[in-house]
Amino acid sequence: MDLKDYIRDVADFPKPGILFRDISPLLADAGAWRATIERLADVVGPHKPAILAGIESRGFLVTAPLALHMGCGFMMVRKRGKLPGRTIPHTYALEYGEDTIEIQDNAVKPGTRVVVLDDVLATGGTLNAAISLLGKAGADVRAACCIIELTFLEGRKRLPVPFESLVRY
Ligand code: AMP
């Protein structure tokens with residue numbers, strides 16, 4: 001099965017010049033989605049994570065079913081102000097301005113093996129920030145993984161951990 005058959009290209013979304021890679025058809029097809037989760041398990045498994053961290057919001061769609069499938073715990077990396085209780089924040093630079101992501105302060109014990117996931121790797125800024133945040137919390141981040149990698153942006157070069165992807169453009 002070629003997963004690219006289930007990824008829709010949307011030109012000029014969310015702004016002019018961006019070719020958006022839409023995973024909605026993949027989510028809509030039970031067989032293709034099962035194959036995606038099984039292939040993710042194959043590439044993430046060797047890193048032996050105890051917890052999978054998903055990045056808001058499409059990263060949640062990828063990571064929660066994968067964690068269940070692999071027998072791992074799941075934790076959320078969210079935008080500022082969404083998580084209840086005490087949180088650990090991390091602010092990072094964007095092309096214009098900055099953004100802040102957070103995890104709950106009890107989400108991961110120091111030394112826990114974590115793999116962090118999102119749907120798409122573009123510049124790598126988001127995953128890099130999530131890895132820094134998890135590191136701040138004492139997690140042992142073993143790898144990062146996405147369904148889709150936009151290789152021409154060379155995002156994986158920004159990441160301080162091994163990176164896995166299933167589909168490359
Ligand atoms: P980046 O931080 O540049 O690696 O961007 C990654 C984040 O933006 C991910 O959460 C993706 O969901 C989203 N993203 C960036 N570029 C695209 C794209 N061309 N198609 C779909 N999602 C994208």
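What is the handedness of the crossing of helix 2 and helix 3? The crossing is right-handed, meaning that the near helix is turned clockwise from the far one by less than a right angle. The model is predicted: local features need pLDDT of at least 70, side-chain atom pairs count only at pLDDT 80 or more, and totals for chains, interfaces and linings use all residues. Residues are numbered from 1 along each chain as its sequence is written, and side-chain values use heavy atoms, without hydrogens and water.

**Helix 2 and helix 3**
- Helix 2 (residues 30-44) packs against helix 3 (residues 58-70) at an angle of about 70°, and their axes are 10 Å apart.
- That makes the two helices roughly perpendicular (65 to 115 degrees).
- From helix 2, Trp33, Ile37, Glu38, Leu40, Ala41 and Val44 meet Leu61, Val62, Pro65, Leu66, His69 and Met70 of helix 3.
- By class, this contact has ten nonpolar residues, one polar and one charged.

**Leu66**
- Leu66 belongs to helix 3 and is buried, at a relative accessible area of 0% (buried means under 20%, with a 1.4 Å probe and protein chains only).
- Beyond its neighbours within four places in sequence, Leu66 is in contact (heavy atoms within 4.5 Å) with Ile37, Leu40, Ala41, Val44, Leu52 and Leu117.

**Helix 4**
- Helix 4 (residues 125-136) has twelve residues and spans 16 Å from first to last C-alpha, close to the 16 Å expected at 1.5 Å a residue.
- Its buried residues are Gly125, Leu127, Ala129, Ala130, Ile131, Leu133 and Leu134.
- Gly138, with a positive phi near 90°, follows helix 4.

Conventions: Axes fitted to C-alpha atoms, helices over the stretch in contact; angles between N-to-C directions. Helix = DSSP H or I, 4+ residues; strand = E, 2+ residues; numbered from the N terminus. Parallel < 35°, antiparallel > 145°, perpendicular 65-115°, else oblique. Nonpolar A, V, L, I, M, F, W, Y, C, P; charged D, E, K, R; others polar. Expected span 1.5 Å × (residues − 1). Buried < 20%, exposed > 50% of the residue type's maximum accessible area, 1.4 Å probe, protein only.
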